[in-house]
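Please open your viewer and keep the selection tool at hand.

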Amino acid sequence: MPLATFLHLPKSPQPRAVTLQLAERQVALIFVRNPRARRYILRIRSDGVARVTVPRGGSLEFAFEFAQRQTAWIERQLLKPLPNVPETVWQHGTEILFRGGRVTLTAAPAGDLVQFADQVVVTKGRAVRSAVERQLARLAVAELPARTRELAAMHGVAIGRVTIRNQRSRWGSCSVRGAISLNWRLIQTPPSVRDYIILHELMHTREMNHSGRFWAQVELVCPEWREAERWLRKHGNLLRA
């Protein structure tokens, strides 16, 4: 999206976004005004979006130029692995998210079975967390591609392969050929949030960026996307837990 067009978009309480071209990829770039900030600040979010804080009196033109001068730094940050944070141990009594609700893990006394919601998992000597996550991933493989194709047909979107992955930095992605990749952890989100992520990626088949045109497409197919984004911000630690 040309910066000149972006700068003349109607004012919105939502962060304003454009796409920044790096050496070998594009990255979504959002601008957020903060009247208490004293300088321009560039940060890379856990989902790979570059965020520029614009101080009081600052201009979006300068903020964009500021980000352009930092493209090498952005590339380096995106190549860094996520912090090696020890995984939380799951055990009898641990609460996890499943389809948007909190459920409690119940381990059998013999230690070879774990139950949650309507699921019964045989651990076969694995740690409880490993066994439960394998089951969640299996459910995702069984359900998410079918739901993606259903929504694609509903909105007249042609797509390629749909794959389920174990990403630690994003909920989904869409290639230039219409291949959709989804994070298995979407099985832990509410159905409305799951559908938002799928629709978000489907709309990338129309706009391969995060421009105003892209968000207008998202608004048409998912008017409640802001509520879904709020849920994701609140529970974004699912990607790193």
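Accessible areas here come from the Shrake-Rupley method with a 1.4 Å probe. On that basis, the accessible surface of this protein is about 13500 Å², and carbon and sulfur atoms hold 52% of that area. Keep in mind that you are looking at a predicted model.

Start with the whole chain in cartoon view. You will find seven helices and twelve strands. Of the 241 residues, 46% count as buried. Among contacts between residues at least 6 apart in sequence, 43% join residues at least 24 apart.

Now show the aromatic rings: a search of the whole structure finds five aromatic pairs. Select Phe98 and Phe116 to begin. Their ring centres lie 5.3 Å apart with the planes at 90°, so this pair is edge-to-face. Phe98 belongs to strand β5 (residues 95-98) and Phe116 to strand β8 (residues 113-116), so the pair ties together parts that are 18 residues apart in sequence.

Next, move to Phe214 and Trp215. Here the ring centres are 5.1 Å apart and the planes meet at 75°, so this pair is edge-to-face as well. Phe214 has a relative accessible area of 0% and is buried.

For the last stop, select Tyr40, Phe62 and Phe66, which form one aromatic cluster.

Methods. Residues numbered from 1 in each chain as written. Predicted model: local features only at pLDDT ≥ 70, side-chain atom pairs only at ≥ 80, totals over all residues. Heavy atoms only, no water. Phe/Tyr/Trp six-rings, centres within 6.5 Å; stacked < 30°, edge-to-face > 60°. Helix = DSSP H or I, 4+ residues; strand = E, 2+ residues; numbered from the N terminus. Buried < 20%, exposed > 50% of the residue type's maximum accessible area, 1.4 Å probe, protein only. Contact = heavy atoms within 4.5 Å.
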